[in-house]
Amino acid sequence: MQALTPHVYWAQRHGEIFLRVEISDAQNISIGVEENILHFKGQGHGAKGENEYEFSLEFLKPVKPEVKHKSTQRQVNITVRKQEHVWWDRLTKQEKKPLFLAPDFDRWLDESDAEMELREKEEKINKVSIESRVRKDPFLGLKKGFLFMYNLVQFLGYSWIFVNMTVRLFILGQDSFYDTFHTIADVMYFCQMLAIMEVINPAVGLVKTGVMPAFIQVMGRNFILFVIFGTLEDMQNKPVVFFVFYLWSMIEIFRYPFYMLACIDTEWKLLTWLRYTIWIPLYPLGVIAEAVAVIQSIPIFDETKLLSISLPKAIGASLSFSYILQLYLVIMFLGLFINFRHLFKQRSRRFRTKKRKAN
């Protein structure tokens, strides 16, 4: 058969040269480096059909004689290691590029991109090395199991609340607004008391989230639930209870399953997007509903003197709890700002990391 020259595509890194020879089903391959010249010979199906193909390349700078190659059904991949980790201006010693040679754009990187890739590889190696030296936590499985069960219980609790309220809304319409507390309160009490674990978990190092954002959210909700709704019977029949409970549950039915899957190193892209997006409209709406509840409770606390602080008889008055509620309204919206900023940072960091991994 007539010896022909195949199409050859090349790319480089600081320490390696990559060649892709366009010969499919290659056989009888012979590859070697002598006096800095790569010689290739092989039989297969190339640009000129089934033939014997060969070529030679004299490299710009010294390379190591060892050559690695891998033949596939479509091509032959060759890797040649440079003697020095330097970037070459071109592949061959002769300035004029051979006609059969072209850049491999599938693997092509310019020098700065190659340096970045090299740094990322070094960082990954260093990270693995450090992780291998760090003593593994013998209780890691137990911790993940506990967190998984906690998030599962909370997910089931809030799912029951959400489904129950939704079904009642479709069946009873607006009438369901007025008895929400008596129907849902027991399960909501359970979920919110259990939610105190979300302050304890980061405090003892079970999770890496901040303690303060969790404290603000959990204590704020428990104040509304136990103090505003729990102590005032007149508040328990108001429609605002429905909106507060419904908004809370809508957020949590996406948050808790996301954390459950994280415990078993699993991710659903849609769930991740919902967890980091749906709170943007729902969280402020929830705070507004809580603020409405506080405002509606102020006249009731003034009238009943409930939780008011008695002052000495010489003063002849008492400190109404409504003053504390007015202060709480200010703290509530300050907490909204702090938590909103924290959650936006979490969201930006999450999607920036995903984008970097995708690239």
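Biologist: Hi! What kind of model are we looking at, and how many helices and strands does the protein chain have?
Modeller: Hello! This is a predicted model. The protein chain has 10 helices and 11 strands.

Biologist: Thanks. What percentage of the residues in the protein chain is buried?
Modeller: Of the 359 residues in the protein chain, 39% are buried.

Biologist: And what about the accessible surface of the protein chain?
Modeller: That comes to about 21,700 Å², and carbon and sulfur atoms account for 60% of it.

Biologist: What share of the contacts joins residues at least 24 apart?
Modeller: Counting contacts between residues at least 6 apart in sequence, 66% join residues at least 24 apart.

Biologist: Let's turn to the rings. How many aromatic pairs are there?
Modeller: The count comes to 20 aromatic pairs. One of them is Tyr-158 with Tyr-256, a stacked pair with 6.0 Å from centre to centre and 15 degrees between the planes.

Biologist: Which parts does that pair tie together?
Modeller: Tyr-158 sits in helix α2 (residues 140–172) and Tyr-256 in helix α7 (residues 240–263), so the pair links parts that are 98 residues apart in sequence.

Biologist: Is Tyr-158 buried or exposed? And what about Tyr-256?
Modeller: Tyr-158 counts as buried, because its relative accessibility is 0%. Tyr-256 is buried too, with a relative accessible area of 1%.

Biologist: How are the rings of Phe-177 and Phe-242 arranged?
Modeller: Their centres are 4.7 Å apart and their planes are at 40 degrees, so that pair is tilted. Phe-177 lies in the loop between α2 and α3 while Phe-242 is in helix α7, so the pair ties together parts 65 residues apart in sequence. Both Phe-177 and Phe-242 are buried.

Biologist: Which residues form the aromatic cluster with them?
Modeller: Phe-177 and Phe-242 form one aromatic cluster with Phe-162, Phe-243 and Tyr-246.

Biologist: Where does Arg-255 lie? And Arg-107?
Modeller: Arg-255 lies over the face of Tyr-256, at 4.7 Å from the ring centre. Arg-107 lies over the face of Phe-18, at 3.8 Å from the ring centre.

Biologist: Changing topic: which residues make the nonpolar surface patch?
Modeller: Ile-196, Ile-200, Val-204, Val-211, Met-212, Phe-215 and Met-219 make it, and the patch is about 580 Å². Helix α5 (residues 211–231) gives the largest share, 4 residues.

Biologist: Where is Ile-196 placed?
Modeller: Ile-196 is in the loop between α3 (180–194) and α4 (197–203). With 34% relative accessibility, Ile-196 counts as partly exposed.

Biologist: Now Ala-102. Which strand is it in, and what does it touch?
Modeller: Ala-102 belongs to strand β9 (residues 101–103). Apart from neighbours within four places in sequence, Ala-102 is in contact with Val-8, Tyr-9 and Trp-10.

Biologist: How accessible is Ala-102?
Modeller: Ala-102 counts as partly exposed, because its relative accessibility is 23%.

Biologist: Last one: what is the phi of Glu-35, and of Asn-36?
Modeller: Glu-35 has a positive phi of about 50 degrees although it is not a glycine. For Asn-36, also a residue other than glycine, phi is positive and near 70 degrees.

Biologist: Where do Glu-35 and Asn-36 lie?
Modeller: Glu-35 is in the loop between β4 (24–34) and β5 (37–46), and Asn-36 lies in the loop between β4 and β5 as well. Glu-35 is exposed, with a relative accessible area of 76%.

Notes
Residues are numbered from 1 along each chain as its sequence is written. This is a predicted model: local features need pLDDT of at least 70, side-chain atom pairs count only at pLDDT 80 or more; totals for chains, interfaces and linings use all residues. Side-chain values use heavy atoms; hydrogens and water are left out. Helices (H or I, at least four residues) and strands (E, at least two) are DSSP runs, numbered from the N terminus. Buried means under 20% relative accessible area, exposed over 50%, partly exposed in between (1.4 Å probe, protein chains only). Contact means heavy atoms within 4.5 Å. Patches are made of residues with over 30% relative accessible area and no salt bridge: like charges are joined within 9 Å, nonpolar side chains (Val, Leu, Ile, Met, Phe, Trp, Tyr) within 5 Å. Accessible areas come from the Shrake-Rupley method with a 1.4 Å probe; for residues, only the protein chains shown count as cover. A salt bridge is a side-chain nitrogen of Lys or Arg within 4 Å of a carboxyl oxygen of Asp or Glu. Rings of Phe, Tyr and Trp (its six-membered ring) pair if their centres lie within 6.5 Å; planes under 30 degrees apart count as stacked, over 60 as edge-to-face and the rest as tilted. A charge sits over a ring if NZ of Lys or CZ of Arg is within 6 Å of the ring centre and within 35 degrees of the ring normal.
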